[in-house]
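Open the model in your viewer and keep the selection tool ready.

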Amino acid sequence: RRWGVIRFHAPRESRPANLYNWVYDAPEFRIAGSGDDATFRLCPHVYNTKADIDRAVRGMNAWYETGR
């Protein structure tokens with residue numbers, strides 16, 4: 001398998017936290033990436049499982065829903 005760097009445009013807008021802090025601080029997600037108030041960078045690797053990726057996507061979707 002090959003993995004790469006994934007960078008998301010994720011402006012904080014009116015959300016209580018940026019995506020980076022949201023997915024890291026929430027115990028149900030606990031995803032480590034990097035980012036700021038406008039972007040989020042995720043680097044999946046060969047040792048990440050499908051469950052890890054699914055958890056990351058659930059966390060990003062939950063964050064997105066907080067801004068609707």
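Select Arg15 and Trp63. The charged end of Arg15 sits over the Trp63 ring, 4.0 Å from its centre. (A charge sits over a ring if NZ of Lys or CZ of Arg is within 6 Å of the ring centre and within 35 degrees of the ring normal.) This is a predicted model: local features need pLDDT of at least 70, side-chain atom pairs count only at pLDDT 80 or more, and totals for chains, interfaces and linings use all residues. Residues are numbered from 1 along each chain as its sequence is written, and side-chain values use heavy atoms, with hydrogens and water left out.

Next, pick Arg30 and Tyr24. Arg30 lies over the face of Tyr24, 5.0 Å from the ring centre.

Now show Phe8 and Phe40. They form a stacked aromatic pair, 6.3 Å centre to centre with 25° between the planes. (Rings of Phe, Tyr and Trp, the last by its six-membered ring, pair if their centres lie within 6.5 Å; planes under 30 degrees apart are stacked, over 60 edge-to-face, the rest tilted.) A search of the whole structure finds one aromatic pair. Phe8 lies in strand S1 (residues 6–9) and Phe40 in strand S3 (residues 39–42), so the pair ties together parts 32 residues apart in sequence.

Finish at the largest pocket. Select Arg30 again, then Ile31, Leu42, Tyr47 and Asp52: these are among the lining residues. Helix H2 (residues 50–66) gives the largest share of the lining, four residues. By class, the lining has eight nonpolar, one polar and three charged residues.

Technical notes:
On a 1 Å grid over the protein atoms alone, a cavity is a set of points where a 1.4 Å probe fits but cannot get out, and a pocket is an open set with protein on both sides within 12 Å along at least five of seven lines; lining residues have an atom within 4 Å of a point. Helices (H or I, at least four residues) and strands (E, at least two) are DSSP runs, numbered from the N terminus. Ala, Val, Leu, Ile, Met, Phe, Trp, Tyr, Cys and Pro count as nonpolar, Asp, Glu, Lys and Arg as charged, and the others, Gly among them, as polar.
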